[in-house]
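Hi there,

Here is the structure I promised to pass on. Please have a look at it first, and then read my notes below.

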Amino acid sequence: MARVYNFSAGPAVLPEEVLKEAADEMLDYKGTGMSVMEMSHRSKAYQAIIDEAEADLRELMNIPENYKVLFLQGGASQQFAMIPMNLMKNKVADYIVTGQWAKKAYQEAQLYGKANKIASSEDKTFSYIPDCSDLPISEDADYVYICENNTIYGTKFKTLPNTKGKTLVADVSSCFLSEPVDVTKYGVIYGGVQKNVGPAGVVIVIIREDLITEDTLPGTPTMLKYKIHADNGSMYNTPPAYGIYICGKVFKWIKKMGGLQAMKERNEAKAKVLYDFLDQSKLFKGTVRKEDRSLMNVPFVTGNEELDAKFVKEATAAGFVNLKGHRTVGGMRASIYNAMPIEGVQKLVEFMKKFEEENA
């Protein structure tokens, strides 16, 4: 069967050449006579894989020396607890709630201290990003938390919030490596890799060294201390070895494609194809305020649930899969991450035009 155009929000499309390379190395990685899946994480061959992955990520994102890169497990959701456990020294943190994942992080933080919701877009089903230029930042807040790109709702912070000097913590799961980023603006920038970077099972945490201390909340499990992972080079226990290996290949692919500036330009071109069509369509409508639209996740509706279901069914049959919107929103959502080629978006738009003519 031919490969489909996979618009899934995650686990998501990966670059085809990365998959082919991994297939070629499946039975014998560089003369070791075994797969990376079978390899000891304590071997020289594996140490070289993780070291090279980190070096390439540092180069791509221009990560300063005083930040650690950690390859961890537990997905982004485990960070919802790990962040307060490690950073809530004053037991106070401010949260900007712009979607379901930010909301879950905010709820989790309440288990560990005083979490303040200082801004939210829940009043309009998270369809916009609130103005964050002058927020009521708590004087004793340990950090200010955002989810930078909201996968479910298709919104993105185009300007980072004014944290008034407080440490910014950002979940970038669904916009990771989609554009250049100034790491120095964040204390912690982290994301699950299963959207833009690799297979599910790895979360990458980039954290400023002064935030990594022995001083965690009482009762913090050893496995949830950043210091343990930083001191052990992400090898305190067996890491998600194969997932990290694939991430490393994706980093090389992005470098080959021209780095993060080239990715941004590619992603803007792809998103423009879809948003331009949605803006003139009589049947399909985007659901997000224009200035807050994500380049990665594009939700849209017809306004009729039966028609939405019909569209998803016919699109799937035509080879455009995983377009059904998240259950909390309904409608459709096209996730167009780095590895989605522009042809996929162009062909989807052609299909949408045809559907519109047939169902006008």
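**What I found**

Asp94 is buried, with a relative accessible area of 0%; here buried means under 20% relative accessible area, exposed over 50% and partly exposed in between, with a 1.4 Å probe and protein chains only. The residue is found in strand E3 (helices, H or I with at least four residues, and strands, E with at least two, are DSSP runs numbered from the N terminus). Not counting residues up to four places away in sequence, Asp94 touches Asn116, Ile118, Pro136, Ile137, Ser138, Ala141, Tyr143, Val144 and Tyr145, where contact means heavy atoms within 4.5 Å. The C-alpha atoms of Asp94 and Leu135 are 9.9 Å apart, and 41 residues separate the two along the chain.

Before you go further: this is a predicted model, in which local features need pLDDT of at least 70 and side-chain atom pairs count only at pLDDT 80 or more, while totals for chains, interfaces and linings use all residues. Residues are numbered from 1 along each chain as its sequence is written, and side-chain values use heavy atoms, with hydrogens and water left out.

**Around helix H4**

Strand E3 turns up again as a partner of helix H4. The buried residues of H4 (residues 100-109) are Gln100, Ala102, Ala105, Tyr106 and Ala109. They pack against helix H3 (75-87), strand E3 (92-97), strand E4 (114-120) and strand E5 (144-147).

**The nonpolar cores**

In soluble globular proteins, nonpolar side chains tend to be buried together. A nonpolar core here is a set of buried Ala, Val, Leu, Ile, Met, Phe, Trp, Tyr and Cys residues joined through side-chain atoms within 4.5 Å. The largest one has 58 residues, and Met61, Ile204, Ile206 and Phe251 touch the most other members. Helix H6 gives the largest share of this core, 10 residues. Leaving aside neighbours within four places in sequence, Phe251 is in contact with Ala53, Asp56, Leu57, Leu60, Phe71, Leu177, Val197 and Ile204. There is also a second, separate core of 35 residues, which includes Leu87, Ala109, Tyr190 and Ile207.

**Salt bridges**

I count 26 salt bridges in the structure, a salt bridge being a side-chain nitrogen of Lys or Arg within 4 Å of a carboxyl oxygen of Asp or Glu. One of them joins the side chains of Glu52 and Lys252, at 2.9 Å from N to O. Glu52 lies in helix H2 (residues 44-61) and Lys252 in helix H6 (residues 241-256), so this pair ties together parts that are 200 residues apart in sequence. Both ends are partly exposed: Glu52 at 39% relative accessibility and Lys252 at 37%. The two also belong to a network of salt bridges that links Glu52, Asp56, Glu59, Lys252 and Lys255.

Lys68 and Glu209 form another salt bridge, with their closest N and O atoms 3.7 Å apart. Lys68 is in strand E2 (residues 67-72) and Glu209 in the loop between strand E10 (203-208) and helix H5 (226-231), so parts that are 141 residues apart in sequence are tied together. Lys68 is partly exposed at 31%, as is Glu209 at 34%.

For a local example, take Asp231 and Lys227, whose closest N and O atoms are 2.8 Å apart in a salt bridge. They are four residues apart in helix H5, a separation of about one helical turn. Asp231 is exposed at 53%, whereas Lys227 is partly exposed at 22%.

**Helix H8**

Which residues of H8 are buried? They are Leu307, Asp308, Phe311, Val312 and Ala315. What covers them includes strand E12 (297-301), strand E13 (320-321), strand E14 (332-335) and helix H9 (342-358). On the other side of H8, Glu306, Lys313 and Ala317 are exposed. After H8 comes Gly319, with a positive phi near 95°.

**One last contact**

Ser281 sits in the loop between helix H7 (259-280) and strand E11 (285-286), and is buried at 6% relative accessibility. Its side chain meets that of Glu356 in a polar contact of 2.5 Å (a pair of N or O atoms within 3.5 Å; within protein, one must be able to donate a hydrogen and the other to accept it, and residues adjacent in sequence count only if both atoms are side-chain atoms).

Best wishes
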